[in-house]
Amino acid sequence: MDVSHLLDELNDAQREAVTGDAGHLLVLAGAGSGKTRVLVHRIAWLIQVHHVSPMGLLAVTFTNKAAGEMRARVGELLGIRPEGLWIGTFHGICHRMLRMHADEVGLPDTFQILDSDDQYRLIRRVIRDMELDEGQFPARAMQGLINHHKDEGRRPENIEHLDNPHAAQQVAIYRYYQDYCERSGLVDFAELLLRTVELLRDNPARRRHYQERFGHTLIDEFQDTNRLQYALVRLLSGEQGRMFVVGDDDQSIYGWRGARVENVSDFVRDFDPQVVRLEQNYRSTATILEAANRVIDHNDDRMGKNLWTEGEAGEPIRLFAAWSAEEEADYIIARIQDWIGQGGSPSEAAILYRSNAQSRLFEQVLLREGIDYRVYGGQRFFERAEIKDAMAYLRLLHNRNDDPAFERVINVPARGIGERTVERVREQARSRKISLFAAASELIAAQGLPARAGKAIESFIEKINMLDEQTANASLGDTMSAVVRAAQLGEWYRGREAPDRAETREENLEELVRAAESFEQPAEDEQAGLAPLASFLAQAALEAGEHQGQSWQDCVQLMTLHSAKGLEFPLVFMAGLEEGLFPHQKSVEEPGRLSEERRLCYVGMTRAMQRLYISFAESRYLHGQRILSRPSRFVDELPAHLIEQVRPRQPAAATQTGLGARPDSSADHGLRLGGTVGHQRFGIGTVVSLEGQGDNARVQVNFEQAGSKWLVLAYASLERLD
DNA sequence: AGGTCCGCTATTTTT
DNA sequence: TAGCGGACCT
């Protein structure tokens, strides 16, 4: 069989990775170096050249998007959809295994996945049940703590330090929450992984089964794995399995949520892999790459990598120093208009920022200028309140013991069941160790509720039971439709919200019915004996859907630097490069976090294909207050010779608005902004900023070689060269 | 039971 | 500035 098409379009390093034959492989894949291509070709290579059965391959990614893309491209390359090939997210794959072995891990067949919001509400419920002070044990923090323990593989019984009463209480919350989940057949995201790890760890037969099956394990974005994910991969791969690990330590930006870059070096230690570096970049100009290389060079403890390109130097990076965030936004939108005016497309432009709040100004200006835009990171479809409400009804049909679902809709729409009544039901559930639904039924039967409340609860229970009977043989679409109709959520929202808002909710509910109608159950779910309804519920939790609808439109892209990872745009703006904002204050304060901010900067820069603008503002509103900032240290780390100062900082007089001290152009040192100066040690540079007077006068110079420096004039002995 | 007002807080996000 | 949650009022 001719397999040249698998290698023809690859460079040497990519080829080395794809064909690697010596045990395990670590591919250090720089930004834009063709990482996905290598993964996809590797899979095809194993199947077509080494005749590995698709059944023997496991490919793991982080996001559904990445998994979907990989699956599509493998299918395309092989010309067929390889049957039996497991490509999926960590959570998707674990979910699948747990469904297959639910009985062995002590889960009911009807177990439900708890999304973050459900989990949060349940933890809050638990803390109240335990009658603890929510100030001392905030649900948000407890959620983080519990998830962190799980990500580290810890059960309540594995946690020590119980000498501290507060810590002991936290563990008690974890235990209570976990017991609750067990009783109700609920599994949170971290639990999906932890259960699977425990299954493989404690059940030798299962472990052997999978280890024998998966001769090859491929893992994407390895720098983002946490301890549990690494443990999972090791268990699945076993002694015999070959690991093909792709990652980039320089793009590790999720340490704050448990990702361990150290897994990359641990992998080298544990598996002694062949290491291949993909350093040739097919995305950005040489100028952008060199600047990015130089910035990331300020980090220690790197595996080491230098991006290069055969392409041209391209344009310099433009650095814009704005007085205010408003001016920054005006400037950026004006440059986008230039781009469009020159025939560029709006969707080729991306504005990247550190925190979501920054999008507002850009949105205002884009709106004013009539340019379409799309903000990433809004609420996702299955996270919308009305959708979650409808889904809660559906969940109750599927599993009456789903307490979070019961709590969510027991009084939505309002049917006169208040906190007191619900608390009576909870008490009953606690003392009888049964679900809320069962407790409510018992109370009705025992007439243990006030007449009014009792009637209301009874009608709710009847509604659920009746819906269940009516839809027993109905399709998923018809069931959903019946649920939405019976629940009367549209009416409920219409009665209490602004018309346009309620209308959107009703449209979403219609959309939900359509989604259920067109839902195609994955073949493997069907084989596992799963009802379509169960599949649908699981998928809603695991893939919450698109962030925002208008993705098809040709519009300017607004997103955080984090969401930009993995994407590329011809025209990129990185805005708000100010100390305190980027790097964020919190990251500056905590040791070790700064290098992650720098990696974020590196990620941002390497999104740009042709043209990169970097900007900062001296003043902006933050939490309703105007604050003054210095440029980010990352700006100083940009090599001066690659930068074009679009507007060197002007003497203040003209734009002075009375905010703080401005550089004084009338000082007698004879230097001027934009002027060229020479320095004994640093060489030649451009004056970028002047500050203070007399002995205190300081000057910021962008030196061609040494980069940007602040110098005190009294000591620096600069020479005027212009 | 349900609605309103006040005060507190405030990176980054996927599953 | 804005959203959320809790306290308070009807």
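A residue is near a molecule or strand if one of its heavy atoms lies within 4 Å of it. The legends below describe a predicted model, in which local features need pLDDT of at least 70, side-chain atom pairs count only at pLDDT 80 or more, and totals for chains, interfaces and linings use all residues. Residues are numbered from 1 along each chain as its sequence is written, chains are lettered from A and ligands numbered from 1 in the order in which they are written, and side-chain values use heavy atoms, with hydrogens and water left out.

**Figure 1. Protein residues around DNA strand C.** Tyr120, Arg124, Arg128, Glu134, Arg360, His623 and Gly624 surround DNA strand C. Helix H6 (residues 116-129) supplies the largest share of this surface, 3 residues; helices (H or I, at least four residues) and strands (E, at least two) are DSSP runs, numbered from the N terminus. The surface near DNA strand C comprises 4 charged, 2 polar and 1 nonpolar residues. In this classification Asp, Glu, Lys and Arg count as charged, Ala, Val, Leu, Ile, Met, Phe, Trp, Tyr, Cys and Pro as nonpolar, and the others, Gly among them, as polar.

**Figure 2. Polar contacts to DNA strand C.** A polar contact is a pair of N or O atoms within 3.5 Å; within protein, one must be able to donate a hydrogen and the other to accept it, and residues adjacent in sequence count only if both atoms are side-chain atoms. Arg128 places a polar side-chain atom 3.2 Å from a phosphate oxygen of DNA strand C. A base oxygen of DNA strand C lies 3.4 Å from a backbone N or O atom of His623. Sugar or phosphate accounts for 55% of the atoms of DNA strand C within 4 Å of the protein, and bases for the rest.

Figure 3. Of the 14 residues of H9, 11 are buried, that is, under 20% relative accessible area, with exposed meaning over 50% and partly exposed in between (1.4 Å probe, protein chains only). At the N-terminal end, Asp188 caps H9 through a side-chain oxygen 3.1 Å from the backbone nitrogen of Ala190. Because they are 4 residues apart in helix H9, Arg195 and Glu191 are separated by about one helical turn. Arg195 counts as buried at 6% relative accessibility, and Glu191 is buried with a relative accessible area of 1%.

**Figure 4. The salt bridge between Asp248 and Lys305.** The closest N and O atoms of this pair are 2.9 Å apart. The pair links distant parts of the chain, 57 residues apart: Asp248 belongs to the loop between strand S7 (242-247) and helix H12 (262-271), and Lys305 to the loop between helix H13 (286-296) and strand S9 (317-324). Asp248 is buried, with a relative accessible area of 2%, and Lys305 is buried, with 7%.

**Figure 5. The salt bridge between Glu407 and Arg426.** Their side chains meet at 2.8 Å, N to O. Glu407 in helix H17 (residues 403-409) is 19 residues apart from Arg426 in helix H18 (residues 419-432). Glu407 is partly exposed, with a relative accessible area of 24%, whereas Arg426 counts as buried at 5% relative accessibility.

Note on methods: Salt bridge = Lys/Arg side-chain N within 4 Å of Asp/Glu carboxyl O.
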